[in-house]
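Student: I would like to learn how to read a structure feature by feature, with the general idea set out before the particular case. Could we work through one together?

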Amino acid sequence: MASVKVAQAVKKGAQNVKEGVISDLQTSSNYAISRIGIGYEMGSTGTTIYADVSPRDGGASDLANIAFFGTARGGGTHRFYEHGEEELPKLAEYVARAAVEVV
């Protein structure tokens, strides 16, 4: 039961990060960058539950490196990791609540 609650908390956190990144990208004046697809995949290893948030393959998503990290000529004005860092305290709270509900 605990792992189900924790998985739900991780999924909620991943969804929040995904929505934050998409919202940030949609502010771009470059149409192709504003169309970068972001998704997440859930997984587990033993007792560890995780979500991998990343750009999708192909199309406009091939510009993700430029959008997030830039080139020698500039770019890199969009946030990626920062959305995960902002979500971390909330995720820790969700997981703590899930653990308390099970006990």
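Student: Let me begin with a single side chain: is Glu87 buried or exposed?

Tutor: Before answering, please keep in mind that this is a predicted model, and that every value we discuss is computed from it. The label rests on relative accessible area, and a residue counts as buried when that area is under 20%. Glu87 has a relative accessibility of 6%, so the residue counts as buried.

Student: With which residue does Glu87 meet in a salt bridge?

Tutor: The side chain of Glu87 meets that of Lys90, with a distance of 4.0 Å from N to O. Whereas Glu87 is buried at 6%, Lys90 is partly exposed, with a relative accessible area of 44%.

Student: How many salt bridges does the structure hold, and which residues form them?

Tutor: In another, Glu86 is paired with Arg79, and their closest N and O atoms lie 2.7 Å apart. Glu86 counts as partly exposed at 43% relative accessibility, and Arg79 also counts as partly exposed, at 32%. A further salt bridge joins the side chains of Glu93 and Arg97 at 2.3 Å, N to O. Glu93 and Arg97 are four residues apart in helix 4, and about one helical turn therefore lies between them. Here, too, the residues are partly exposed, Glu93 at 38% and Arg97 at 47%.

Student: How should I read an aromatic pair, and how many are there here?

Tutor: A pair of aromatic rings is described by the distance of the centres and the angle of the planes. In this structure the count comes to four aromatic pairs. One of them is formed by Phe68 and Phe69, which are edge-to-face, with 6.5 Å from centre to centre and 70° between the planes. Another brings together Phe80 and Tyr81: their centres are 5.4 Å apart and their planes stand at 85°, so this pair is edge-to-face. The cut-off behind that reasoning is an angle over 60 degrees. Ring pairs link these residues, Phe68, Phe69, Phe80 and Tyr81, into a cluster.

Student: Turning to the open spaces, what is the volume of the largest pocket, and which residues are closest to its centre?

Tutor: The volume of the largest pocket is about 290 Å³. Its lining comprises 14 residues, of which Ala14, Val17, Ala51, Val53 and Gly84 are the closest to the centre. Helix 1 (2-25), strand 2 (48-55) and helix 4 are the elements that give two or more residues to this lining, and helix 4 contributes the largest share, with five residues. By residue class, the lining divides into eleven nonpolar, two polar and one charged.

Student: How are the elements of the chain arranged, and where is confidence lowest and highest?

Tutor: The chain has four helices and two strands, and from the N terminus on these elements run α-α-β-β-α-α. Along the principal axes, the C-alpha trace spans about 55 × 25 × 20 Å, and buried residues make up 27% of the 103 residues in the chain. As for confidence, where pLDDT is low, the predicted coordinates should not be read in detail. The mean pLDDT of the chain is 90, and 96% of its residues reach 70 or more. Confidence is lowest in helix 4 (residues 81-102), with a mean of 87, and highest in strand 1 (residues 38-45), with a mean of 94.

Key: Residues are numbered from 1 along each chain as its sequence is written. This is a predicted model: local features need pLDDT of at least 70, side-chain atom pairs count only at pLDDT 80 or more; totals for chains, interfaces and linings use all residues. Side-chain values use heavy atoms; hydrogens and water are left out. Rings of Phe, Tyr and Trp (its six-membered ring) pair if their centres lie within 6.5 Å; planes under 30 degrees apart count as stacked, over 60 as edge-to-face and the rest as tilted. pLDDT is the predictor's confidence in each residue, from 0 to 100. Buried means under 20% relative accessible area, exposed over 50%, partly exposed in between (1.4 Å probe, protein chains only). On a 1 Å grid over the protein atoms alone, a cavity is a set of points where a 1.4 Å probe fits but cannot get out, and a pocket is an open set with protein on both sides within 12 Å along at least five of seven lines; lining residues have an atom within 4 Å of a point. Grid points are joined across faces, edges and corners, and a volume is the space filled by probe spheres set on the points. Ala, Val, Leu, Ile, Met, Phe, Trp, Tyr, Cys and Pro count as nonpolar, Asp, Glu, Lys and Arg as charged, and the others, Gly among them, as polar.
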